[in-house]
Amino acid sequence: MHCTCPLLPPRTAAGTALIFLAFIVASCSSGIRPAHRPPEHHTPPAPAIVPSSAPCALQDRKFDRAEALVLKKRFSAALAIASHIAEFPCSRDRQSKALELIGDIYMAEGKEVNAFYFFVRAGEKAGPRKDFSRILSKAVSSVAHMSADNIIFILEKTAPPRIQKALLFQSAAAKANAGNPREARALYQSFIKKFPEDTYTPAARSITADLNRRPETLTPAVGILLPLTGYYKTGGSRALGGINYYRQISGRDDLRFIIMDTASDPGQAARAVKELKIKGAACIIGPMVTARAAAEQARDLEIPMILLSQAPDIPEISPMIFRHFLFPEQQIRSSAAFIMEKYGRREFAALYPDDDYGSAFVSALKKQIPDMGGRITDIQRYSPGQTDFSPQIKSLIKGYRAKGKDGRFRDISSRPRKERNKIYRAKTDFNVLFIPDSPDTAAMIAPQLKYHGISDVILMGTNLWHTDKLLQAAAYLKNAVFTDGFHPEKEKTAEFIRQFTEETGSPPGYIQAAAYEAVSSIAPIIAESKASGRQLAEEISRVNRFSALTCTTGFDPRGEPLDSLDIFQIRGGAITLVRPCTHR
């Protein structure tokens, strides 16, 4: 076989690697294993540590800058910084960290082979055992999609024996855990052949013998797709906690769970859906973010998906896409229906943060309120983190009224200088004000509304308000309304919280409960049914046996959660449940 690839000359760690990787990528992508090794001059030397005039403190600041650029998806700029540190490190551990960061950047760009090369180089320079283990885990993940033959080939070409040994064993274990016994056997056998005297060789022989006794047919699988790294990793970790709790208490051995990371990235999420399909997942639970890219890929591959996401309109992509999570339209519909019914108020305004969360809720408000017979009179936005809301509040005010001696308020043409003992009230064209923001921000806005004379309105929030933090401004939030789908004082919910806490050591919240409900309701269908694709989606659409920890009992014809939410209101300085879910 002959490969002709353009060679790139830049003197950086990344540029040097591309000379060698052109050969590897061409070989692996074509599925052909070359009979000869690449010429020796194609093998890049390990970057040497050279004295640097820049102190390590400066390089640490550059690391912070590069990581910030990665979050903004400015990969080329981040790669330039990391490559320079890798070539001119002030210490061995900074060199390892830089090489690992280069690998992370290539993974984010979907260049797994390039990422693998740099993870291997980072592993060579790694210091503490925990750093070495973390880096090798990343290297295993970067080649997890490859066949066993290609993994063996790329290890031979890139990894020194010490790292090759660890990666072979870990890759074999990963294939076995993913339900690919044939691929796992090939990797374990390669490990035994190459390292016959290693301390792990007896274990590899034992596992291989066990794999040989197993039937080739795979048990059904549930794909779990969550942001376990990246900006939204906290939410992903909580959802995984709910899923793992189900796995612990269910004791199911008739079902596989294949867990994959979206890295909070749309491209990674779409690729993960493909890989889950290849690994035999009958249905996917997740993702939480990057939902549209993942759902479109699931639609194309005809694999049902249970979203744990608030992203609007995603179930509309396909009848095989469902949502089991609070979402903006549902919250607004529940709160507004309560306010209209109890108080007869139908004029709504919004004061919202100019970010993704606020914009999603205001978009939902515009859609829901007119459909419910209400009217939106004004919408004002503010910058996230803002503390003085006077400009926006003044824009909501359409004039003033003054209280006369007879006790009645009358319109005045313009606000005169305040007269002693005279009461003024702002004139507005709305009687409900929606504030989709944190309880801390709501607690700042409410007193400022009062100061500017806006008092005869009901404030409406989101499930973020369901915390005692809101009560720091309870005097200004009388009758404020918000929704939630998880109330710890409910008998069944309280019991779930107690058991979850005993099992895991930490109490669950809504995210853990929603993920637990999704998997506990869907897993039995997948394990017991031989259906797949559209037929399985039809069975899922008929689910009506959620555990009632959250307010969802099933799915409506659009794939959205079925049922209303718990309605809460500030009464007597406390958060009070004023209307529970209909099924409770």
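A helix here is a DSSP run of at least four residues, numbered from the N terminus. Keep that in mind as you click around, and remember that this is a predicted model.

**Stop 1: between two helices.** Select lysine 73. Find helix H2 (56-71) and helix H3 (75-87), and you'll see that lysine 73 sits in the loop between them. Now check its backbone: phi is near 65°, a positive value, and lysine 73 isn't a glycine.

Stop 2: Jump to strand E3 (281-285) and helix H13 (291-301); the loop between them holds proline 287. Select glycine 286 along with proline 287 and look at the peptide bond joining them: it's cis, with omega near -5°. For context, most peptide bonds are trans.

Stay in the loop between E3 and H13 and pick threonine 290. Threonine 290 has a positive phi as well, about 50°, though it isn't a glycine. Is threonine 290 buried or exposed? Its relative accessibility is 16%, so threonine 290 counts as buried, the cut-off being under 20%.

**Stop 3: zoom out.** Show the whole protein chain and colour by secondary structure: there are 20 helices and 17 strands. Of the 584 residues, 51% are buried. Switch to a surface view, and the chain exposes about 27,100 Å², with carbon and sulfur atoms supplying 50% of that. Finally, take the contacts with a separation of 6 or more: 64% of them are between residues 24 or more positions apart.

Technical notes:
Residues are numbered from 1 along each chain as its sequence is written. This is a predicted model: local features need pLDDT of at least 70, side-chain atom pairs count only at pLDDT 80 or more; totals for chains, interfaces and linings use all residues. Side-chain values use heavy atoms; hydrogens and water are left out. Buried means under 20% relative accessible area, exposed over 50%, partly exposed in between (1.4 Å probe, protein chains only). Contact means heavy atoms within 4.5 Å. Accessible areas come from the Shrake-Rupley method with a 1.4 Å probe; for residues, only the protein chains shown count as cover.
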